[in-house]
Amino acid sequence: MGDESFRDNPTEGSSDKEPAEELKKSRGYYRNAMENHEVFKNLNQFERKLVRGIMRGSGPIIMLWLISKKGQHGYEIMTQLHESSPFSDKVKMPSASIIYPKLHQLEKKGLIKGTWENHGKRKVKYYEITPEGIETLDKIRNFFKTRKNNLYEDFLEDVMYIKNNRS
């Protein structure tokens, strides 16, 4: 099991109550890189905190959606998240200590299933969505599609309206 189990569970042995030291460092690195990016230039400290909360909260949903498109392993997911980030030119790829605990959480809840496969000389854990995961994604989509619950779409439309009518 040696090397493979570490790649799949880099925070093994750490407590849920207190993140591993590596996780604390990587969170600080990403926070500093994001806050120094031009996207955050015009935001005050509280506004930056709000945006970080949205990004952090949507991570597991985005990961579940990526896995629903095709089965893939953690490194593929990390690469896709990195490439889609507005910070990809300034920030290194998301670390395993951030991605794998979320994958394990999704797996523990029964939303994805991981299976070990040989990939050359190495074993790699591929994740696939389960029927429960598909149902969860459908519920999330339906929540945001219904007019009475579509606050995010209304919010974005209002922001654009206000911005276009200020001049």
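Predicted model: local features only at pLDDT ≥ 70, side-chain atom pairs only at ≥ 80, totals over all residues.
1. The lining of the second largest pocket comprises, by class, 8 nonpolar, 2 polar and 1 charged residues.

2. Which residues line the second largest pocket? The lining is formed by Ile54, Gly57, Ser58, Ile61, Ile62, Trp65, Leu137, Ile140, Arg141, Phe144 and Tyr152. Helix 3 provides the largest share of this lining, with 6 residues. At least two residues of the lining come from each of helix 3 and helix 6.

3. The two helices named in the previous point also pack against each other. Two packed helices are described by the angle between their axes and the distance between the axes. Helix 3 covers residues 45–69 and helix 6 covers residues 131–145; their axes come within 10 Å and cross at roughly 120 degrees. Angles of 65 to 115 degrees count as roughly perpendicular, and helix 3 and helix 6 are therefore oblique to each other. The crossing of helix 3 with helix 6 is left-handed.

4. Where do helix 3 and helix 6 meet? On the side of helix 3 the residues are Ile61, Leu64, Trp65 and Ser68, and in helix 6 they are Gly133, Thr136, Leu137, Ile140 and Arg141. Sorted by class, this contact of helix 3 with helix 6 has 5 nonpolar, 3 polar and 1 charged residues. Ile61 and Trp65 of helix 3 take part in this contact, and Ile61 and Trp65 are also among the residues that line the second largest pocket. Leu137, Ile140 and Arg141 of helix 6 likewise belong to the contact and to the pocket lining.

5. Helix 3 has a further partner in helix 5. These two helices pack at an angle of about 70 degrees, and their axes are 10 Å apart. That angle makes helix 3 roughly perpendicular to helix 5. Pro60, Met63, Leu64 and Ile67 of helix 3 make the contact with Ile99, Lys102, Leu103 and Leu106 of helix 5. By class, the residues of this contact divide into 7 nonpolar, no polar and 1 charged. Leu64 of helix 3 is in contact with helix 5 and with helix 6.

6. Helix 5 also meets helix 4. The axes of helix 4 (residues 74–84) and helix 5 (residues 96–108) come within 10 Å and cross at roughly 115 degrees. This crossing is right-handed. Gly74, Tyr75, Ile77, Met78 and Leu81 of helix 4 are in contact with Ala96, Ile99, Tyr100 and Leu103 of helix 5. The contact of helix 4 with helix 5 contains 8 nonpolar, 1 polar and no charged residues.

Conventions: Residues numbered from 1 in each chain as written. Heavy atoms only, no water. Axes fitted to C-alpha atoms, helices over the stretch in contact; angles between N-to-C directions. Helix = DSSP H or I, 4+ residues; strand = E, 2+ residues; numbered from the N terminus. Parallel < 35°, antiparallel > 145°, perpendicular 65-115°, else oblique. Left-handed = near helix turned anticlockwise from the far one by under 90°. Contact = heavy atoms within 4.5 Å. Nonpolar A, V, L, I, M, F, W, Y, C, P; charged D, E, K, R; others polar. 1 Å grid on protein atoms, 1.4 Å probe; cavity = no way out; pocket = protein on both sides within 12 Å on 5 of 7 lines; lining within 4 Å.
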